[in-house]
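Please keep the sequence and the structure in view while reading.

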Amino acid sequence: MAGALDAAEEEVLRYARLLYERGHVTLLSGNVSVRVGDVVILTPSSRPKPLLSRESLVWMSLDGSVVRGYLKPTSEWRMHIAIYRRRPDVGAVVHTHNVLPTLLAHRINLALLSESEAYLGSRVAVVPYFKPGSGELADAVASALEGCDVAVLRRHGVVAVGRDLADAVNKVEALADAALATLYDWLLRLACGRRARRARAACQSVAYVLTRRQRGITSSV
Ligand SMILES: [Zn+2]
């Protein structure tokens with residue numbers, strides 16, 4: 001058990017750094033957790049993702065009490081715990097602030113990329129806006145994820161679950177790809193139609209998103 005917990009902490013650190021380097025989270029936003037037995041290991045609140053150490057991680061039990069760590073857990077700890085309580089098959093939860101999937105939400109067309117459809121299934125849940133960190137948000141997201149593995153939180157971000165962190169992070173990336181494909185598809189339709197000038201303006205927004213996404217593209221887990 002101790003070996004599994006040690007390995008889980010290292011995984012949290014590596015994937016938190018990867019998510020930052022690939023532009024899925026900002027320096028202080030977004031959070032990651034893994035479950036090992038009855039222990040949930042979470043990233044702390046308000047600490048730079050690339051600079052986290054094992055000592056900065058927080059261990060919680062499934063009743064929401066802190067069992068180890070000197071920092072405050074992520075402000076979204078209620079959401080992580082609520083998901084694990086409803087989904088015993090889930091071993092990892094990732095919450096990101098991806099801009100494009102958040103803006104597109106229910107308009108994301110998973111059918112454009114067979115790869116995204118294969119990893120995400122045919123449905124991504126869309127959760128209405130609730131105050132970040134609230135119990136209402138935790139309940140709404142946990143309910144939504146009873147029927148699928150990925151949810152877009154309106155005006156906020158994305159939550160993905162998986163059997164482990166590689167699985168959950170892969171779903172975040174599959175959703176980001178599907179969102180980008182949806183936007184490209186829309187732009188191509190515009191560019192081929194009578195609204196080409198509007199399409200060029202929209203391309204500038206795409207360039208911004210791609211610049212963020214490609215930050216640290218050479219890093220690997
Ligand atoms: Zn958030």
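## Basis of the description

Helices (H or I, at least four residues) and strands (E, at least two) are DSSP runs, numbered from the N terminus. Residues are likewise numbered from 1 along each chain as its sequence is written. The structure is a predicted model, in which local features need pLDDT of at least 70, side-chain atom pairs count only at pLDDT 80 or more, and totals for chains, interfaces and linings use all residues.

## Overall composition

The protein contains 7 helices and 8 strands. A residue is called buried if 20 or more other C-beta atoms lie within 10 Å of its own, exposed if 12 or fewer, and partly exposed in between, with C-beta atoms placed from the backbone. By this criterion 40% of the 221 residues are buried.

Two residues are in contact if their C-beta atoms, placed from the backbone, lie within 7 Å. Of the contacts between residues at least 6 apart in sequence, 63% link residues at least 24 apart.

## The sheet

Two strands are taken to pair if DSSP finds at least two bridges between them. The 8 strands make an open sheet with mixed pairing, in the order 4-3-2-1-5-8-7-6. Strand 4 (66-68) and strand 6 (125-127) lie at the edges; each has a single partner strand, so one side of each has no neighbour in the sheet. On average, neighbouring strands are turned by 25° against each other, direction ignored. For such angles, axes are lines fitted to C-alpha atoms, for helices over the stretch in contact, and angles run from 0 to 180 degrees between N-to-C directions.

Strand 1 and strand 2 run antiparallel and are joined by 4 bridges; V34 has I41 in strand 2 as its bridge partner. These two strands form a hairpin with 2 residues between them, and G37 in the turn has a positive phi of about 65°. Strand 2 also pairs with strand 3 in the antiparallel sense, over 4 bridges. Here V39 is opposite S61 in strand 3, and V40 is opposite M60.

## Helices packed on the sheet

Helix 5 packs on the sheet and touches strand 6, strand 7 and strand 8, its direction making about 165° with that of strand 6. Helix 6 (residues 165-191) also packs on the sheet; this helix touches strand 1, strand 5, strand 7 and strand 8, and its direction makes about 140° with that of strand 8.

The buried residues of helix 5 include L137, A138 and V141. Their cover includes helix 2, strand 6, strand 7 and strand 8.

## Helix 2 and its contact with helix 5

Helix 2 (residues 77-86) is mostly covered, with 8 of its 10 residues buried. Among them are W77, H80 and Y84. The buried residues of this helix pack against strands 1, 2, 3, 5 and 8 and against helix 5 (135-144).

The axes of helix 2 and helix 5 come within 8 Å and cross at roughly 35°. The crossing is right-handed, a term used if the near helix is turned clockwise from the far one by less than a right angle, left-handed being the anticlockwise case. On the helix 2 side the contact involves R78, M79, A82, I83 and R86, which meet residues of helix 5 including L137, D139 and A142. By class, this contact has 7 nonpolar, 1 polar and 3 charged residues. Ala, Val, Leu, Ile, Met, Phe, Trp, Tyr, Cys and Pro count as nonpolar, Asp, Glu, Lys and Arg as charged, and the others, Gly among them, as polar.

E9 belongs to helix 1 (residues 2-21). This residue counts as buried because 20 other C-beta atoms lie within 10 Å. Not counting residues up to four places away in sequence, E9 touches I41, R54 and L57. E9 and V58 are 49 residues apart in sequence, yet 9.6 Å apart in space, C-alpha to C-alpha.

## Loop residues with positive phi

Most residues other than glycine have a negative phi. S46, however, has a positive phi near 55°. It is found in the loop between strand 2 and strand 3, and counts as exposed because it has 11 C-beta neighbours inside 10 Å.

R155 likewise has a positive phi, near 60°. R155 is placed in the loop between strand 7 (150-153) and strand 8. With 12 other C-beta atoms within 10 Å, R155 is exposed.
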